[in-house]
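Here is a colleague's note for someone opening this entry for the first time. Please keep the sequence and the coordinates in view while reading the points.

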Amino acid sequence: MSSTELPFVPPANVLPKVAAVRIAEGERLRSVELPGITLTVRSRRPARQGLPPALYVHGLGGSSQNWSALMPLLDDLVDSEAVDLPGFGDSPPPDDGDYSITGHARAVIRYLDATRRGPVHLFGNSLGGAVATRVAAVRPDLVRTLTLVSPALPEIRVQRSAVPTGLLAVPGVAPLFTRLTREWTAEQRVRGVMQLCYGNPERVTPEGFQHAVQEMERRLRLPYFWDAMARSARGLVNAYTLGGRNGLWRQAERVLAPTLLVYGGRDQLVGFRMAQRAARAFRDSRLLTLPDAGHVAMMEYPETVALAFRELLASVREPDAGESGAAGSRAEGPRVRESVAAAEDGPLARGAADASAHGDRSPQDGRSRDDVDGGAAAKSTGG
């Protein structure tokens, strides 16, 4: 499909009714209507009023449920919300069919601008990590700190185990895969996802596995499920090939916010070798490596990730009233701090991973807009 063709998006009024999305104890779901998109937002009541806001962004095929193990561990630190990106979780497809990194970043920016919650502590996993990086680069006023778990940033030598996910970006592959796997049960699909996303799938509890199966069954009934997957994968591949100031690595270098990077030694989707490059790219970074973790460390080792975030907050100064979150908390000059956590000391996983896979405004530009890149990349529909 050329970038000028209009994509097929099922009208919202004819989408089938499917089972309700699971809500964990202490969580709430609400729907937020914005220009061109409707977002489902998962939230928790903070331990007390006045805590700074946090926003969590999931990966490809994931949802806000991917953060349900981590959020309650931070109730005393932040006011947590997790968003379902357009076409994922319980959010319907975007009106314009734009599943590019820019399109997803624009959705996050529109939400933060509309709710006036920024600056936030921004979290992202996989594709959500690429989205969060772009948001932090082009709108530093919206981000206090940035926490990236296995962010899907461009790799020259992609791991062989990540190739099938990347192939979803090829036109026609998603329908072919759908036909070839028509007889697969939801249980088989979930086990495959766990093998791909977890360092040790046996850490998933039986209850967590069953919840994941129910969610998979729900998603497979959505007519746009594979379309959202394929177009988002294509948008990620397009972002990998984008050069210049809008390239993801160039944007990582522009991030002002103190950044926590979390990488798993058994990650089959994002190369563990990318950890050091990322630590050098983000100007004020801390690196946590988990040798036994896979692609979704916040689900496998939520306590360890929560502790690292606490240490991040303890090391940065909260901005004064009226001061930009990123600029106010930025340390003087670039720095990198590295720590390694032994996975065997971590907690048991609390839930099964969703299919989380692959994953402009200059800081000096004072204009407020959500056009993100403002160029051809911003107009990509993933076609």
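Predicted model: local features only at pLDDT ≥ 70, side-chain atom pairs only at ≥ 80, totals over all residues.

1. Among the buried residues are His104, Arg106 and Tyr111, along with Ile101, Val108, Ile109 and Leu112. After the helix comes Arg116, which has a positive phi, near 55 degrees.

2. For α1 and α2 the angle is about 65 degrees and the axes are 9 Å apart, and the crossing is right-handed. On the α1 side the residues that meet α2 are Ile101, Thr102, His104, Ala105, Val108 and Ile109, and their counterparts in α2 are Leu127, Ala130, Val131, Arg134, Val135 and Val138. Several of these α1 residues, including Ile101, His104 and Val108, are buried.

3. A second pair to inspect is α5 (residues 186-197) with α6, whose axes come within 9 Å and cross at roughly 115 degrees. The two helices α5 and α6 are therefore roughly perpendicular to each other, and their crossing is right-handed. From α5, the contacts involve Ala186, Glu187, Arg189, Val190, Arg191, Val193 and Met194, which meet Phe209, Ala212, Val213, Met216, Glu217 and Leu220 in α6.

4. Turning to charged side chains, a search of the whole structure finds 15 salt bridges. One of them joins Arg218 and Asp90, with an N to O distance of 3.7 Å. Because Arg218 lies in helix α6 (residues 206-220) and Asp90 in the loop between β4 (79-84) and α1, this pair ties together parts that are 128 residues apart in sequence. The two partners can be described separately: Arg218 is buried, with a relative accessible area of 2%, whereas Asp90, at 35% relative accessibility, counts as partly exposed.

5. Arg218 also forms a salt bridge with Glu215, and here the closest N and O atoms are 2.9 Å apart. Both residues, Glu215 and Arg218, lie in helix α6, three residues apart, about one turn of the helix. An α-helix has 3.6 residues a turn, so residues three or four places apart point the same way. Both Glu215 and Arg218 are buried.

6. Further salt bridges may be checked elsewhere in the chain. Arg139 pairs with Asp141, the closest N and O atoms lying 2.9 Å apart; Arg139 is buried at a relative accessible area of 2%, and Asp141 is partly exposed at 27%.

7. Which residues does Ser64 contact, once its neighbours within four places in sequence are left aside? They are Arg42, His58, Ala82, Val83 and Asp84. Ser64 itself sits in the loop between β3 (53-57) and β4, and at 0% relative accessibility Ser64 counts as buried.

8. Ala132, in helix α2, counts as buried at 1% relative accessibility. Not counting residues up to four places away in sequence, Ala132 touches Leu122, Gly124, Leu146 and Leu148. The C-alpha atoms of Ala132 and Tyr56 are separated by 8.9 Å, although these residues are 76 residues apart along the chain.

9. Gly118 and Pro119 are joined by a cis peptide bond with omega about 0 degrees, and Pro119 is found in the loop between α1 and β5 (120-125). Ser126, in the loop between β5 and α2, has a positive phi near 55 degrees and is buried at 0% relative accessibility. Ser150, placed in the loop between β6 (143-149) and α3 (163-167), has a positive phi near 45 degrees and likewise counts as buried, at 0% relative accessibility.

Definitions and conventions: Residues numbered from 1 in each chain as written. Heavy atoms only, no water. Buried < 20%, exposed > 50% of the residue type's maximum accessible area, 1.4 Å probe, protein only. Helix = DSSP H or I, 4+ residues; strand = E, 2+ residues; numbered from the N terminus. Salt bridge = Lys/Arg side-chain N within 4 Å of Asp/Glu carboxyl O. Axes fitted to C-alpha atoms, helices over the stretch in contact; angles between N-to-C directions. Parallel < 35°, antiparallel > 145°, perpendicular 65-115°, else oblique. Left-handed = near helix turned anticlockwise from the far one by under 90°. Contact = heavy atoms within 4.5 Å.
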